[in-house]
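My notes follow the order in which I looked.

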Amino acid sequence: MTRNSAFWKAFNSLTHPLSIGAVSLVLLNDHLFRIYAPSWWTGKLGDFAWLIFAPLICALIFAWLIPRRLPDHKAWVAGSSFGFIGIWFALAKTVPTVQHATNTALSAIIGWQTSLRLDPTDLFTLPALYIGWWVWQRAPDTAPNMRPYSWLVVGMGIFATLATSPGYDFYDYGVICVFSENENVYAWGDVYAGGFASSDGGLSWAEINADSPVGQQVACQRNLRPITWQLNAGSLLFSFTDRTSIDVSTDNGETWQQEWDFSFLTDERRKLYFDHFDPTFTGKYSVGPFDAVFDEANQHLIVAMGHDGVLVGQMA
C-alpha cells in the first residue's frame, strides 16, 4: 500500500503555528470571550478561526476516503475538503433545511443539542479558508518526527470542531436567570440571543438585545443554584424543592405551605407545546426553577423556568 502523503500533509498543516493559533483562539473564544464579553464580534471571530483549520480536519478523513489510485490524490483531498467546508458552511448559514439537518446530525454525533443559527452575515468570514489553504500548500507530506504535542494539537482541533456547533452558539436552555436593577426586572437565557425586561413586576415584557448595556453585563450560567434552594424575601421565605414545587413560609421556615406544584408539567405536555410552536426542536427540555427574584414594589415572585418561560406569582 502506498504512503498516504495527503494524510500527513493534513496532519502537518494542523501542527503549523497558524493552525495552532486558530484552534487556541476558538477554544478561548468559545469558553471565555463569548461568556464574559459576548458581542457580534465574538461570534464572527469564532467562525473565522474555525474556518482556518476545519478543512484540515476534514482532509484527515478525506485522505482515507478518496481512493489513492486517483492521479494527484493530494489535490483531490484538498479540493474536496476546502470545497465541502466552504459550501456546507454557506448553505448552513442561509438555507433553513440545511441548518436544521446540520443541527440534527451534529446532535446525534456528539450527544447533546447544538444550536447552529441562520446568519447570512457569517459569510463574511469565508475568506478565512484562504489562510488554511496557504498553510496546506506549504506543509510537508511526509510523516513527521512524532512529538506528543503534535497529536495533542490535532486532538484539540477535533475537540474544538465537535465541542460546539459551527458558529459557536450555545444551546438555548430557555430562561435560566432573573434579576432586578433600577426598578426593572430582567429575564435572561442564551446570553447571545438577548433577554427581556419588565417594569411592572413581570406582567409584561420588552425584548432586549444582547449588545445592549444590560446585555453586556449578563453572564447567566445554567444550574447556578442546586436542585433544592431557598430565597429570602423579607418576611417571606421561598423554598424551591427538587424542581417540582415552590413552598412559602411566613415564619422563617418553621412551617411551610405549597404555593405551586409543577408535577403536572411532564415532557409529554411540553412536547405538545414545542411541536406546535417550534417543530424543529429536538433537544432535551430544560426544566426549572433555575433562579428567582422577589419584586418588592409589586410583591411578585418571578421565577426562571427554563423552557417553560417565566413564572410570575403575586404574594400580596
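These entries go from a single side chain to its strand and then to the neighbouring strands.

Entry 1. I am working with a predicted model. I started at His300 and found it in strand β10, which covers residues 300-306.

Entry 2. Is His300 buried or exposed? I read a relative accessibility of 4%. The cut-off for buried is under 20%, so His300 counts as buried.

Entry 3. The His300 side chain reaches the backbone oxygen of Gly201 at 2.8 Å. Gly201 is also on the list of contacts I made for His300, leaving aside neighbours within four places in sequence. That list includes Asp200 and Leu203 as well. I also noted Val293, Phe294 and Asp295, then Val312, Gly313 and Gln314.

Entry 4. I widened the view to the strand. Seven of the seven residues of β10 are buried, so the strand is largely enclosed by the rest of the structure.

Entry 5. Next came the pairing with β9, residues 287-295. I found β9 and β10 antiparallel, with six bridges. Phe294 stands opposite Leu301 of β10. Four residues lie between these strands in their hairpin, and Gln299 there takes a positive phi near 55°.

Entry 6. I turned to β11, residues 310-314. β10 pairs with β11 in the antiparallel sense too, over five bridges. Here Leu301 stands opposite Gly313. This hairpin has three residues between the strands, and I noted a positive phi near 90° at Gly309.

Technical notes:
Residues are numbered from 1 along each chain as its sequence is written. This is a predicted model: local features need pLDDT of at least 70, side-chain atom pairs count only at pLDDT 80 or more; totals for chains, interfaces and linings use all residues. Side-chain values use heavy atoms; hydrogens and water are left out. Helices (H or I, at least four residues) and strands (E, at least two) are DSSP runs, numbered from the N terminus. Buried means under 20% relative accessible area, exposed over 50%, partly exposed in between (1.4 Å probe, protein chains only). A polar contact is a pair of N or O atoms within 3.5 Å; within protein, one must be able to donate a hydrogen and the other to accept it, and residues adjacent in sequence count only if both atoms are side-chain atoms. Contact means heavy atoms within 4.5 Å. Two strands pair if DSSP finds at least two bridges between them.
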